[in-house]
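Please keep the sequence and the model in view while reading.

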There are 2 protein chains.
Amino acid sequence: MKNITELFHIKYPIVQGGMIWCSGWELASAVSNAGGLGLIGAGSMHPEILEQHIRKCKKATSKPFGVNVPLLYPQTDEIMEIIVREGVKIVFTSAGNPKKYTTFLKEKGITVVHVTANKKFALKAQEAGVDAIVTEGFEAGGHNGFEETTTLILLQMLRDVIHIPIIAAGGIGSGAAMFAAMALGAAGVQIGSLFAASQESSAHEAFKQKIVAAGDGETYLSLKQLVPVRLLHNPFFEKVRQAELNGATKEELTQLLGKGRAKKGMFEGDIARGELEIGQVAGIIDDIKPVHQIISELIAGFSETAGEMNGFLL
Amino acid sequence: MKNITELFHIKYPIVQGGMIWCSGWELASAVSNAGGLGLIGAGSMHPEILEQHIRKCKKATSKPFGVNVPLLYPQTDEIMEIIVREGVKIVFTSAGNPKKYTTFLKEKGITVVHVTANKKFALKAQEAGVDAIVTEGFEAGGHNGFEETTTLILLQMLRDVIHIPIIAAGGIGSGAAMFAAMALGAAGVQIGSLFAASQESSAHEAFKQKIVAAGDGETYLSLKQLVPVRLLHNPFFEKVRQAELNGATKEELTQLLGKGRAKKGMFEGDIARGELEIGQVAGIIDDIKPVHQIISELIAGFSETAGEMNGFLL
């Protein structure tokens, strides 16, 4: 089994997903200090803000951490320069062509991981020479694939064609799920929602409380005509749904979405009018916990499951 | 761990999903003879046809088998009478209120399982006194839940609230997935797509070939305004998608669907104009195999995974 603990020099094969508006230096350093791999989510940061977060993270932890960079913003070159200059050793790229920066980053000695949500881009990322891929299933929060392929299917589909470590993301809400993903060939997991709702997350308290309150069937993959994104049910989501049912065009949906909706909801706490990105795991989160507790519960759950399955035969 | 092998008196904790147009006596008896639990799918059978299939199944196997009855047809009373009269010992009910027939069937000594796709109905089924539930995730073929909850999430969500055996369905396409589902607390698995594409399935050869040809992202949950159903991509599906994008009403979709579309596609082989119900597992099926081979590969994959995970610690 390929193990990401060696690749990243971490204790546990747990990566905290780099999320917009949730994962600043506080969350990333807490995860790294607890033995996982923390990621600063650059997607919601201007370059100078990212620089500050990297510097604070270095002060807050002596353990490895990384930065997640969605490859869809005009300042990506600038962001990569900051990452190199600040000596960040691990970069997760997402939402773009993995060929574009992989060689550049690897030449600087940086470990590169690309996030994908389907088989086609997983193969492309492998071909581009990344060190590992994250495979993100339909149940994951935030931006997602058009294929709607679930984590369980992705892992079965990729096992025989991907020869670098696969990090399973989407739907990992317990140590048992972590064990299941690794039984399916994953070398580790990336977890978003559990950490988005942690004490150290920079998400607004009102958003965290809404995650805790969410039950089964309260998140939906939405805005599929633009870029599919999993949102928590709220009045804004309902508006989008109605518009879609009425045959709204891409242009109308783009206008309805407007600018800054995720910030409004997730960071500023306008839970009615904001865009609230979270995974289906929201349905099983019932408390806002500190990161060290989340990680120790994951490890305990993993061990318990390993014990239950030990020697289990048909 | 609650085990369904004892509940059903079978060798392996593998249930073949009762599917329309695929699972007649030939498939059901083949699965039962190979050590799983075969189910005749009553959903596509008039009562007298079901009676013939039950009689043929009894001749073809001495092992336990069952019948899947979707509780949405007017002849359900008649179907239940046939089941009792023919001495069928196991009934899986779906798509309706589990309270309606559970007591009646259990009084006749029949083991009752209800198929659910969300937490709410799983709890209702447990309350209704069924012996086990099937929890069917978003990735499953055919009719599905409005919640779009995946198998991985459902299992994590139900583990602590369901005290009867949980049979995991949706996305189980390998022995590793079976092991993963059981690590997540399932007492067994229900498998549809793999068996729909088996040699003994009564699906039309052209449909089976189309399943084999399907890759990642070629099935979609469709017709959500009516009853969500996972379909293989084809010209009919494309028509539905276009109608939905144009804001089609329920009435327009009902008219577009018409009558007998599943039969046309799955049984008669009109793969362009028919409705082709199949799960995301279609993306990993690359051959039409006999049932005994499918089951022996599942068991071998399970054992291999169990071996890999044996003693695995973090």
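Which residues of β3(A) are buried on one side, and which on the other? On one side these are A:Phe65, A:Val67 and A:Val69, and on the other A:Gly66, A:Asn68 and A:Pro70, so that both faces of β3(A) are covered. The model is a predicted one, in which local features need pLDDT of at least 70 and side-chain atom pairs count only at pLDDT 80 or more, whereas totals for chains, interfaces and linings use all residues. Residues are numbered from 1 along each chain as its sequence is written, and chains are lettered from A and ligands numbered from 1 in the order in which they are written.

Strand β3 of chain A spans residues 65-70, and six of its six residues are buried, so the strand is largely enclosed by the rest of the structure. A residue is termed buried if 20 or more other C-beta atoms lie within 10 Å of its own, exposed if 12 or fewer, and partly exposed in between, with C-beta atoms placed from the backbone. Helices (H or I, at least four residues) and strands (E, at least two) are DSSP runs, numbered from the N terminus. In a regular strand the side chains alternate between the two faces of the sheet.

The partners of β3(A) come next. Two strands are said to pair if DSSP finds at least two bridges between them. Strand β2 of chain A (residues 38-41) runs parallel to β3(A) and is joined to it by four bridges; within this pairing, A:Val67 is the bridge partner of A:Ile40. Together with helix α3 of chain A (residues 47-60), β2(A) and β3(A) make a right-handed β-α-β unit. A crossover is right-handed if, with the strands pointing away from the viewer, the path from the first strand over the helix to the second runs clockwise. Strand β4 of chain A (residues 90-94) also pairs with β3(A) in the parallel sense, over five bridges, and A:Ile90 in β4(A) stands opposite A:Gly66. From β3(A) the chain passes through helix α4 (residues 76-85) of chain A to β4(A), in a β-α-β crossover that is right-handed.

Another strand of chain A, β9 (residues 188-191), contains A:Val189. This residue counts as buried because it has 29 C-beta neighbours inside 10 Å. Leaving aside neighbours within four places in sequence, A:Val189 is in contact with several residues, among them A:Ile14, A:Val15, A:Ile167, A:Ile172 and A:Met178. Contact here requires that the C-beta atoms of two residues, placed from the backbone, lie within 7 Å. The C-alpha atoms of A:Val189 and A:His53, which are 136 residues apart along the chain, are separated by 24 Å.

In chain B, attention turns to an open sheet of three strands, with the order β7-β11-β10 and antiparallel pairing. The edges are taken by β7 (142-143) and β10 (219-222) of chain B, each with a single partner strand, so one side of each is left without a neighbour in the sheet. Strand β11 of chain B (residues 229-232) runs antiparallel to β10(B), and four bridges join them. B:Leu221 stands opposite B:Arg230, and B:Thr219 has B:Leu232 as its bridge partner.

B:Leu223 is buried, with 23 other C-beta atoms within 10 Å. B:Ala95 is likewise not a glycine and has a positive phi, of about 55 degrees. B:Ala95 is found in the loop between β4 (90-94) and α5 (99-107) of chain B and is partly exposed, with 18 other C-beta atoms within 10 Å.

Finally, the two chains may be considered together. Their contact takes 49 residues from chain B and 49 residues from chain A. On the side of chain B that touches chain A, the elements giving two or more residues are α6 (119-127), α7 (151-158), α8 (175-183) and α14 (291-309) of chain B. The largest share, six residues, comes from α14(B). Of the interface residues of chain B, 100% are also interface residues in chain A, so the copies meet through the same surface.
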